[in-house]
Amino acid sequence: MNLSAIPEAWQAVIGEEWEKPYFQKQSAFVDEERETQTVFPPEEDVFNALKFTPYDAVRVLIVGQDPYHDDGQAHGLAFSVRPGVKVPPSLVNMYKELTTDIPGFVTPKHGYLTHWAEQGVLLLNTVLTVRAHTPASHKGKGWETFTDAIIQAVSAKSEPVVFILWGSHAQKKKVLIDTIRHTIIESAHPSPLSARSGFFGSKPFSQTNTTLEANGFTPIDWQLPLVVE
């Protein structure tokens, strides 16, 4: 696994993780999987969440779960897909909520969320790789320990951060977060299975911006470019 893809600023706060036995074991597992299976995202994209959102720039952390497992979807940002790929159902529901939560939001024709990441929204899956067409196939191999360390590193920031936790899987990460210094916004997951049970109408995007502004930070421009190449 190409650890050089992790930016130096992130290496300074989590670099000791890849010296630990668990990380070396899961790294070997992913390398072996790539020798015999198709694994998503491509190796150069595994750490894109960290590349697009530098440690010092993190203002919001959205916790996802597993990378998308179908061809061409995953590129290292939770909930995001590459340009030209059909928008997945959970993101469709996120867009629906945005249209009622953020005045003037226009639904884009793509699911490429780098515009959010570049503003300080860390789009972090708790597992960073997956075997093609096999959901959760890399669960329990060590990624969770690594991404827990990332969440704890963000929680250690002196500046307040907004943590968005959708669904029970993400909400289990509350124990890693300093809830005195930071803000947690939580609701049901935007998945079609649960969106109508508490995600729709929860207004996570406007809540995030209200919190950021109260803390003296620029709000997130949630409006994505309508078209990307």
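Tutor: A helix here is a DSSP run of H or I with at least four residues, and helices are numbered from the N terminus. The model is predicted. Helix α1 covers residues 8-14, and I14 lies in it.

Student: Is I14 buried or exposed?

Tutor: Buried means under 20% relative accessible area. I14 has 2% relative accessibility, so I14 counts as buried.

Student: Which residues is I14 in contact with, beyond its neighbours within four places in sequence?

Tutor: The contacts of I14 are L50, F146, A149, I150 and A153. One of these, A153, is 139 residues from I14 in sequence, yet the two C-alpha atoms are 7.3 Å apart in space.

Student: Which residues touch the most other members of the largest nonpolar core?

Tutor: That core has 71 residues, and those that touch the most other members are W10, F47, W116, L122, W143 and F146. Helix α6, residues 143-155, gives the most to this core, with six residues. Take W10 as a case: not counting residues up to four places away in sequence, W10 touches G15, L50, T53, P54, Y55, V58, L122, I150 and V154.

Student: Which residues line the largest cavity?

Tutor: The lining consists of V46, F47, A49, L50, G76, L124, L128 and I150. By type, seven residues of this lining are nonpolar, one is polar and none is charged.

Student: What volume does the largest pocket have, and which residues are closest to its centre?

Tutor: The largest pocket holds about 730 Å³ of space. It is lined by 36 residues, and Q65, D66, Y68, S90 and H189 are the closest to the centre. The lining divides into 18 nonpolar, 15 polar and three charged residues.

Student: Which element gives the most to the lining of the largest pocket?

Tutor: Helix α7 gives the most, with four residues. β2 (60-64), α4 (89-101) and α7 (167-171) each supply at least two residues of that lining.

Student: What covers the buried residues of α4?

Tutor: The cover includes α5 (114-117), β5 (162-166) and α8 (204-214). The buried residues of α4 are S90, L91, N93, M94, Y95, E97, L98 and D101. As for length, the 13 residues of α4 reach 18 Å from the first C-alpha to the last, close to the 18 Å expected at 1.5 Å a residue.

Student: Where is P67, and which residues is P67 in contact with?

Tutor: P67 sits in the loop between β2 and α4. With a relative accessibility of 6%, P67 counts as buried. Leaving aside neighbours within four places in sequence, the contacts of P67 are F40, P41, A74, N125, V127, L128, T129 and V130.

Student: F40 and P41 are adjacent. What is the omega of the peptide bond from F40 to P41?

Tutor: Most residues other than glycine have a negative phi, and most peptide bonds are trans. The bond from F40 to P41 is cis, with omega near -10 degrees. P41 itself lies in the loop between β1 (39-40) and α3 (48-52).

Student: And phi: what is the value for A136, and what for K203?

Tutor: A136 is not a glycine but has a positive phi of about 60 degrees. K203 also has a positive phi, near 55 degrees. A136 is in the loop between β4 (130-131) and α6, and K203 is in the loop between β6 (183-187) and α8. Relative accessibility is 38% for A136, so A136 counts as partly exposed. K203, at a relative accessible area of 37%, is partly exposed.

Student: Last, F52. Which helix is the place of F52, and which residues is F52 in contact with?

Tutor: F52 is in helix α3. The relative accessible area of F52 is 24%, so F52 is partly exposed. Beyond neighbours within four places in sequence, F52 is in contact with L77, Y112, T114, A117 and E118. F52 and H115 are 63 residues apart in sequence, and their C-alpha atoms are 9.3 Å apart in space.

How values were computed. Residues are numbered from 1 along each chain as its sequence is written. This is a predicted model: local features need pLDDT of at least 70, side-chain atom pairs count only at pLDDT 80 or more; totals for chains, interfaces and linings use all residues. Side-chain values use heavy atoms; hydrogens and water are left out. On a 1 Å grid over the protein atoms alone, a cavity is a set of points where a 1.4 Å probe fits but cannot get out, and a pocket is an open set with protein on both sides within 12 Å along at least five of seven lines; lining residues have an atom within 4 Å of a point. Ala, Val, Leu, Ile, Met, Phe, Trp, Tyr, Cys and Pro count as nonpolar, Asp, Glu, Lys and Arg as charged, and the others, Gly among them, as polar. Grid points are joined across faces, edges and corners, and a volume is the space filled by probe spheres set on the points. The expected span of a helix is 1.5 Å times one less than its number of residues. Buried means under 20% relative accessible area, exposed over 50%, partly exposed in between (1.4 Å probe, protein chains only). Contact means heavy atoms within 4.5 Å. A nonpolar core is a set of buried Ala, Val, Leu, Ile, Met, Phe, Trp, Tyr and Cys residues joined through side-chain atoms within 4.5 Å.
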